[in-house]
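Please read them alongside the coordinates.

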Amino acid sequence: LSYSWTWGGKNISGVLEYYYNGFGQKDSAYSPEDLISNRDLLQRLERGELFTIARHYTAASATIELTPLFLLIPNVFVNLEDPSALVQLVAQYDWRQNLQVLAAVNIPTGSDGTEYGGIESPIDGLYFSTDASLFAQLAWYF
């Protein structure tokens, strides 16, 4: 679902999406034993064909044109089964002709045992997880 509008004199484009991964784990079964038994999922993750381990997700995003050269893009990706989420804020600035600055802050949320909070590892009390991260890129187009 996609919709565009003007709010406060700014152009905004929003997107709402549902995603189903038929190879994903059912019922938040993310233990190492459960994941190992799902060979189809693991092979697709390894090949870069999939990037999620559960079955049901929703995502929301908005592109806010603060100025014609500066875009602010908040995103949220929600695992509907555990529930956990990845919250992302992206900024894109066309600094000069052929020169663009791109930056993003990524914040995973969720409790231990959830996809974005951290899935169980083979070591008791330790979880595979990521922390908040920052990405920055300066791109020169020639």
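1. Charge. The chain carries 7 positive and 16 negative side chains, and the centres of the two sets are 9 Å apart. Lys and Arg count as positive and Asp and Glu as negative, while His and the chain ends are not counted. Each charge is placed at NZ of Lys, CZ of Arg, CG of Asp or CD of Glu.

2. Basis. This is a predicted model, in which local features need pLDDT of at least 70 and side-chain atom pairs count only at pLDDT 80 or more, whereas totals for chains, interfaces and linings use all residues. Residues are numbered from 1 along each chain as its sequence is written, and side-chain values use heavy atoms, with hydrogens and water left out.

3. Elements. The chain has two helices and nine strands, in the order β-β-α-α-β-β-β-β-β-β-β from the N terminus. These are DSSP runs numbered from the N terminus: helices are H or I of at least four residues, strands E of at least two.

4. Dimensions. Along the principal axes, the C-alpha atoms fill a box of roughly 50 × 30 × 25 Å.

5. Burial. Of the 142 residues, 30% count as buried (under 20% relative accessible area; exposed is over 50% and partly exposed in between, with a 1.4 Å probe and protein chains only).

6. Aromatic pairs. There are four aromatic pairs, meaning rings of Phe, Tyr and Trp (its six-membered ring) with centres within 6.5 Å; planes under 30 degrees apart are stacked, over 60 edge-to-face and the rest tilted. Y3 and W5 form a stacked pair, because their ring centres are 5.7 Å apart and their planes at 20 degrees. Y3 is exposed at 56% relative accessibility, and W5 is partly exposed at 34%. The W140 and F142 rings, with centres 5.0 Å apart and planes at 40 degrees, are tilted. W140 is exposed at 60%, as is F142 at 84%.

7. W95. Which strand holds W95? W95 sits in strand 5 (residues 84-96) and is partly exposed, with a relative accessible area of 43%. Leaving aside residues up to four places away in sequence, W95 touches Q100, V101 and L138, where contact means heavy atoms within 4.5 Å.
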